[in-house]
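I opened this model to look up a few packing details. My notes follow the structure.

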Amino acid sequence: MAVLKAFGAYLPARIVPNRELGAKLNRTPDWILDVSGIEERRFAAPDETVADMAVAAACACLERAGMSAGDIGLFIVASGSAERRFPGPAPTVASRLGAAGAPAIDLPMASAGGLFGMALAAQLAGVYGNILVVASEKMSAVVTREPMEQGVAILFGDGAGACIISPGDGPARIVDSVLHSDGAFAEDLRLEFEAPLAMNGRSVIMQASRKIPSAIAELLERNHRQASAVKIFLMHQANQNLINGVARALDVPAAMFYSNIRGYGNTSSASMLIAASEWWQSHAPAPGDLICFAVFGAGFHWGAMLVEA
Amino acid sequence: MDNRARIITILKNVSKKDSVPDADESLFDSGYLDSFALPDMVSDLEREFKIKIPDSDLNPRKFESISRIESYIESRK
């Protein structure tokens, strides 16, 4: 048994509106908004790293949980945009938080990394105690590489999200999760070192449109729940049109899916945790509320998690 | 109604257009489908032809044109 203790998030200060990107890509701000649901995104400062943002989100999370880094038994840090091949940001994050010596694991996963980290933490909490899961992305360093690809450059932003998962029972209980991967589609969304992000957009959307509702349905069915009984869906913020499509596939109103993509764009693995942090702060779920998390990303990896408040 | 006519009916519904492209014309390049309409098209094809299209068959090229969709549907019989 494991519970969600707290969430935290960090967004860089610099706001990049559609008109700034549109001018470089020869597209209007309204076109970008129409095809993506994105109006602006945040870009990190040139010297701001994935680990910097992860530490900021982790500090916010620890503060909300009333914990210090010394209370954490394991750190899991997901990122698909880390600056180097190894070491990843996880040990840096743990060390900078003051927990040098504690185990710290990197998940080099884009988009789906936040939820995969949470699902692993739910299983490992009984062994390691409190686990801090962080997802941090500096996608601006990727998408602004020349030549800028307009189908990619308009979508992404920077940021970090975090959560603490603890062993035991109580509020915000992690009921169940499903994880899936299929490497047959690995070439359809990939980032090679020093190369632009490569994306077969049609394949990604087509697969995500099927696999996200399928994972949610699998999770709800085996826990004898209906989609209509869920209080809120906290999904990877990839594209507003995709979020709307998943809601349609599940036959629930799109308003049941929290969305902040208009202000932040797609922050890859960080997006779901940023959304969860915002929603949790502003809504304070009532006991018994069901919260459903869902992700899809490069790999392809996809999955869903059910939490009862 | 033959398969092509049934496909065209679905395409008109999904694309919200009354016109019909040439059978070999790209549905994407001609603006009848985009990335987000394609999953709806596939779902409607499954319902109409009572087939389950596996995720491994969800290659956009298989659904690029009316004739390609027709060939795929035929191959599933």
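These entries cover a strand, a helix pair and a chain contact.

I am working with a predicted model, where local features need pLDDT of at least 70, side-chain atom pairs count only at pLDDT 80 or more, and totals for chains, interfaces and linings use all residues. Residues are numbered from 1 along each chain as its sequence is written, and chains are lettered from A and ligands numbered from 1 in the order in which they are written.

**Entry 1: strand 12 of chain A.** I looked up burial for residues 290-297. I counted a residue as buried if 20 or more other C-beta atoms, placed from the backbone, lie within 10 Å of its own. Strands are DSSP runs of E with at least two residues, and helices are runs of H or I with at least four, numbered from the N terminus. In strand 12 of chain A, 8 of the 8 residues are buried, so the rest of the structure largely encloses it. In a regular strand, side chains alternate between the two faces of the sheet. I found both faces of strand 12 of chain A covered. One side has A:Leu290, A:Cys292, A:Ala294 and A:Phe296; the other has A:Ile291, A:Phe293, A:Val295 and A:Gly297.

**Entry 2: its partners.** I required at least two DSSP bridges for two strands to pair. Strand 11 (residues 232-235) of chain A runs parallel to strand 12 of chain A, over 4 bridges. There, A:Met235 has A:Ala294 as its bridge partner. Strand 13 (residues 301-308) of chain A pairs with strand 12 of chain A in the antiparallel sense, over 8 bridges. I noted A:Met305 as the bridge partner of A:Phe293. The hairpin of strands 12 and 13 of chain A has 3 residues between the strands, and A:Gly299 takes a positive phi near 145°.

**Entry 3: helices 8 and 9 of chain A.** At what angle do helix 8 (residues 201-222) and helix 9 (residues 240-250) of chain A pack? I read about 45°, with the axes 9 Å apart. Axes are lines fitted to C-alpha atoms over the stretch in contact, and angles run from 0 to 180 degrees between N-to-C directions.

**Entry 4: chain A against chain B.** I found 12 residues of chain A in contact with 8 residues of chain B (C-beta atoms, placed from the backbone, within 7 Å). Helix 8 of chain A gives the most to chain A's side, with 9 residues.

Key: Two residues are in contact if their C-beta atoms, placed from the backbone, lie within 7 Å. A residue is buried if 20 or more other C-beta atoms lie within 10 Å of its own, exposed if 12 or fewer, and partly exposed in between; C-beta atoms are placed from the backbone.
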